[in-house]
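Biologist: Hi! Could you walk me through this structure, starting with the ligand?

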Amino acid sequence: MTVKDKVILVTGANRGIGLNILQRLDIDGYTVIGTSRSDDGADLISQQIKSSNGIGLKMDVTDQDSINSAISKIQDGFGTIYGLVNNAGITEDNLLMRMSDEQWLSVIETNLTSLYRVTKSIVKDMMKARQGRIINVGSIVGLMGNAGQSNYSASKSGLLGFTKSLARELSSRNINVNSISPGFIDTDMTNSLSNEQIDKLTKNIPLGRIAESSEVSSVVSFLLSQDSSYITGENINVNGGLYM
Ligand code: NAP
């Protein structure tokens, strides 16, 4: 199977880390499908695919009908998915005592239940193909916690358990399942931080800076490649040493 024959699905690919992953996998030569919640986002993704095959599609990771519709289009148009990158995610920060049910549930639905929904929708075909890679984008906060992010932290800690359990379930089918836990990456998600907050934060990061999305994408590229064939059930930290 050539790289071009490998179909990779990246969720939340219209901006931030997901868009950068899409661009990197496009350069690597994969057939790459990116998803967005909106039609405009899907169009933007299609325009970003320059060197290989692929398309942008609309998909809300919290809506099973929307997932089913996108997955059917991929399977009909491109065949079995070789690699799934569960990247879509949100934050809804608040101290627990002030957190609303809506804030709790939306983060758990988007960051954790989505893994169950999207992965379950593609895994049967992947198992039949007896090959594949699943990469879940977690967070440093799932490992160390963060005040004001109990919902986000719980979702990302849950992602680690999900990853390891699935790695055990799928290993006999030659499917590797891993997670990446980024630290602070320069995207819309961290744009709300003031310069003062960033200065304070970077003082605690051994590498002394926040990261570019490409520093996460390169790890995704590695985990999809043959170079990582013996790695499964693993979490790779991309955090500049902030948590070690
Ligand atoms: P971002 O710039 O805010 O982008 C989030 C992406 O997820 C967007 O494409 C967004 O689509 C999509 N998304 C959100 N809810 C969705 C839903 N219900 N269905 C489908 N797509 C949805 O975030 P980012 O910084 O790139 O983060 C990407 C991943 O990395 C997330 O899982 C995040 O938790 C993780 N992460 C980020 C950082 C960081 O410092 N940035 C650190 C650690 C982990 P729309 O454009 O439609 O909203």
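**Around the ligand**

Modeller: Happy to! The ligand is surrounded by 28 residues, and the closest are N14, R15, R37, Y152 and T187. A residue is near a molecule if one of its heavy atoms lies within 4 Å of it. This is a predicted model, where local features need pLDDT of at least 70 and side-chain atom pairs count only at pLDDT 80 or more, while totals for chains, interfaces and linings use all residues. Residues are numbered from 1 along each chain as its sequence is written, and side-chain values use heavy atoms, with hydrogens and water left out.

Biologist: Which helix gives the most to the shell around the ligand?

Modeller: α7 does, with three residues. At least two residues of the shell come from each of α1 (16-28), α6 (150-170) and α7 (188-191). Helices (H or I, at least four residues) and strands (E, at least two) are DSSP runs, numbered from the N terminus.

Biologist: How do the residues of the shell divide into nonpolar, polar and charged?

Modeller: There are 11 nonpolar, 12 polar and five charged residues. Here Ala, Val, Leu, Ile, Met, Phe, Trp, Tyr, Cys and Pro count as nonpolar, Asp, Glu, Lys and Arg as charged, and the others, Gly among them, as polar.

Biologist: New topic: how many residues has the largest nonpolar core?

Modeller: It has 25 residues, and those with the most contacts inside it are I8, V10, L25, I180 and V220. Two or more residues of this core come from each of β1 (7-10), α1, β4 (81-86), β5 (132-137) and α9 (214-224). Another core, of 23 residues, lies apart from it, with I67, L84, L166 and L170 among them. A nonpolar core is a set of buried Ala, Val, Leu, Ile, Met, Phe, Trp, Tyr and Cys residues joined through side-chain atoms within 4.5 Å. In soluble globular proteins, nonpolar side chains tend to be buried together.

Biologist: What does V10 touch?

Modeller: Not counting residues up to four places away in sequence, V10 touches G18, I21, L25, V32, I33, G34, T35 and V85. Contact means heavy atoms within 4.5 Å.

Biologist: Which residues in α9 are buried?

Modeller: V216, S217, V219, V220, S221, L223 and L224 are. Buried means under 20% relative accessible area, exposed over 50%, and partly exposed in between (1.4 Å probe, protein chains only). The cover over the buried residues of α9 includes β1, α1, β4, β5, β6 and β7 (235-238).

Biologist: What about the loop between α9 and β7: is D227 buried or exposed?

Modeller: D227 is exposed, because its relative accessible area is 66%.

Biologist: And S228, buried or exposed?

Modeller: S228 lies in that loop between α9 and β7, but S228 counts as buried because its relative accessibility is 1%. The side chain of S228 reaches the backbone oxygen of L223 at 3.2 Å, a polar contact, meaning a pair of N or O atoms within 3.5 Å; within protein, one must be able to donate a hydrogen and the other to accept it, and residues adjacent in sequence count only if both atoms are side-chain atoms.

Biologist: Where is S179, and which side chain does its side chain meet in a polar contact?

Modeller: S179 is in strand β6 (residues 175-182), and the side chain of S179 makes a polar contact with the side chain of N235 at 2.8 Å. S179 counts as buried, because its relative accessibility is 1%.

Biologist: Last one: what is phi of R130 near?

Modeller: Phi of R130 is near 55 degrees, a positive value in a residue other than glycine. R130 sits in the loop between α4 (101-129) and β5. N174, in the loop between α6 and β6, has a positive phi too, near 65 degrees.
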